[in-house]
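Subject: Structure handover

Hello,

Here is the structure for your set. My notes on it follow below.

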Amino acid sequence: MADKYLELVNSGFTKNLAKTLGLPRPSILRRYEPGAPLVPGPVLLLGGSPQAQNISDTLLGWGLDVRRHAVGEGKIGAIILLLDEVSTPGELSEPMLAAGHALRQLAPGGRVVSISRKALATDAPALTATRSGLQGSLRSLGRELRGGATANGVVLGERVDATAPSAIAAVRFLLSGRSAYVDGQFLEVDTTDGELPANFEKPLAGKVAVVTGAARGIGAAIAATLFRDGATVVVVDVPAAGDALAKVANQVAGTALQLDITRVDAGAVIIDHALARHGKLDIVVHNAGITRDKLLANMDAARWDSVIAVNIESQLRMNETFLGAELPGLRLVSLASTSGIAGNRGQTNYAASKAGVMGMVTASAQAFAASGGGINAVAPGFIETEMTAKIPVATRTVARMLMPSLMQGGLPLDVAEAIAFLASDAAGGINGQTLRVCGQSLVGA
Ligand code: NAD
């Protein structure tokens with residue numbers, strides 16, 4: 001990671017100095033590297049579910065060292081809490097305390113992953129209290145972890161069990177370095193749809209993907225990540241960004257499409273390009289977005305309307321076109337923001353658009369599922385981009401220290417990894433959801 005402070009507090013003499021002075025020492029996060037182990041040590045599988053043997057077999061199949069009881073000495077790479085069968089709050093005690101005992105052995109970059117069931121308003125109060133309670137507990141556990149470790153969960157829908165393809169794929173994503181900046185989050189698997197890839201290192205092999213706003217920033221990182229994972233990528237951006245766009249297209253051996261996505265025919269232009277140049281369209285990432293911040297009292301129509309036009313109206317219109325074209329299995333991922341969840345001063349327009357994106361994916365899920373596809377959103381928090389690099393170093397460092405447990409911003413790559421996962425066929429049982437990539441913090445743009 002490029003940041004000087006992070007390097008200094010994690011290496012050699014300056015590491016010891018920072019320790020002596022009691023300076024906060026954010027860890028270098030464990031990020032995905034092709035061929036690297038999935039987790040940094042044995043996996044402790046806790047919980048007495050009937051699915052335990054199947055999950056254990058799956059983990060063994062991935063070459064992991066699986067333990068069903070605390071491992072005397074030495075580090076462990078991950079703790080999996082298989083709690084899909086708990087039904088009273090009292091039943092949480094044993095597995096949670098067992099996880100607690102093992103936490104001191106969790107390796108840097110380790111993972112805690114729960115597998116539980118969805119809390120429904122229609123179930124018995126004790127059952128729903130138990131399932132909701134587990135999520136609250138796990139979020140709190142996440143805030144106790146250090147060393148770049150994270151805690152997240154997979155939540156199963158009513159007729160889905162822990163061995164459903166998307167449940168397995170979500171567990172793998174959360175264990176891996178691909179989820180480095182995802183913390184305190186729950187991925188809901190509502191159906192048994194989805195298909196695990198033949199090769200987990202190339203989960204998008206054979207796919208054709210379009211990424212809007214890909215000339216720079218997060219969009220360029222998304223294009224690079226989809227390409228790394230095996231996809232053929234079409235990068236889209238405004239004509240004014242044509243040179244930068246061409247460079248990105250070259251880097252990902254893809255094609256460039258100069259297009260303002262607010263054009264009424266943008267969806268049709270994208271489909272035409274993808275079909276004419278690559279024969280099909282499997283994935284669309286709605287990444288292009290703008291900010292025009294102002295306090296609402298000083299807001300003018302130009303700022304408000306342009307943000308709404310680019311960030312949400314264009315996506316709604318393009319989605320209508322994509323649905324009309326009945327592209328089989330089309331998977332979409334849209335960029336929301338934690339600003340749309342927590343609110344952000346000066347961003348009433350932007351937050352309207354980003355909360356709008358979250359509403360849009362919820363309401364569009366069924367329509368895309370009808371043709372075998374799906375739509376989800378990713379909500380980034382504080383992401384280190386050229387924009388945040390311009391913040392004075394002291395302010396930036398303090399802002400990071402305020403972030404719970406991970407004590408740092410995320411990278412565009414972290415957002416891209418979540419998008420690549422949701423865009424994959426393995427995530428077929430996950431639909432209409434928003435995954436936060438925010439290091440369990442709600443600070444962001
Ligand atoms: P960026 O400004 O660096 O890049 C956005 C890209 O979108 C640019 O290349 C721009 O030319 C393109 N674009 C803008 N309007 C367009 C249009 N009408 N047609 C086609 N392309 C257009 O932004 P970024 O920081 O990389 O953010 C990418 C996405 O992530 C945005 O949707 C943003 O709202 C979201 N996001 C970013 C952060 C963050 O911390 N950077 C946090 C939360 C959400």
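Where is the place of Thr225? Thr225 sits in helix H7. Helices here are DSSP runs of H or I with at least four residues, strands are runs of E with at least two, and both are numbered from the N terminus.

Some ground rules. This is a predicted model, in which local features need pLDDT of at least 70, side-chain atom pairs count only at pLDDT 80 or more, and totals for chains, interfaces and linings use all residues. Residues are numbered from 1 along each chain as its sequence is written, and side-chain values use heavy atoms, with hydrogens and water left out.

Thr225 is buried, with a relative accessible area of 3%. Buried means under 20% relative accessible area, exposed means over 50%, and partly exposed lies in between (1.4 Å probe, protein chains only). Thr225 touches Leu413, Ala416, Glu417 and Ala420, leaving out residues up to four places away in sequence. Contact means heavy atoms within 4.5 Å.

Asp229 is in the loop between H7 and S8. Asp229 counts as buried, at 1% relative accessibility. Its contacts, not counting residues up to four places away in sequence, are Arg178, Glu201, Lys202, Pro203, Leu204, Ala205 and Ala420. Asp229 and Lys207 are 22 residues apart along the chain, and their C-alpha atoms are separated by 9.6 Å.

**The ligand**

Now the polar contacts. The term means a pair of N or O atoms within 3.5 Å; within protein, one must be able to donate a hydrogen and the other to accept it, and residues adjacent in sequence count only if both atoms are side-chain atoms.

- Ile218: a backbone N or O atom is 2.8 Å from a ligand oxygen atom.
- Asp237: a side-chain N or O atom is 2.6 Å from a ligand oxygen atom.
- Tyr350: a polar side-chain atom is 2.5 Å from a ligand oxygen atom.

On its own, the ligand has 840 Å² of accessible area, and the protein covers 88% of that. Accessible areas come from the Shrake-Rupley method with a 1.4 Å probe; for residues, only the protein chains shown count as cover.

Helix H8 covers residues 242-251, and its buried residues are Gly242, Leu245, Val248 and Ala249. These cover an arc of only 120 degrees around the axis, which puts them on the same side of H8. The arc is that of the directions from the helix axis to the C-beta atoms. The buried residues of H8 pack against H7, strand S8 (232-237) and strand S9 (255-258). The face turned away from that buried side carries the exposed residues Asp243, Lys247, Asn250 and Gln251. Ala253 follows H8, with a positive phi near 50 degrees.

In helix H14 (residues 393-401), Arg396, Thr397 and Arg400 are buried. Seen down the axis, the buried residues of H14 fall within an arc of 100 degrees, so they line one face of the helix.

**Loop residues to look at**

Met407 lies in the loop between H14 and helix H15 (412-423). Its phi is near 55 degrees, a positive value in a residue other than glycine. Met407 is buried, with a relative accessible area of 14%.

Glu326 is in the loop between helix H10 (301-325) and strand S11 (331-335). Glu326 also is not a glycine, and has a positive phi of about 50 degrees. Is Glu326 buried or exposed? At 62% relative accessibility, Glu326 counts as exposed.

Ser27 is in the loop between helix H2 (12-21) and strand S1 (43-46). Ser27 is buried, at a relative accessible area of 17%. Ser27 touches Leu6, Asn10, Gly147, Gly148 and Gln408, not counting residues up to four places away in sequence.

Best wishes
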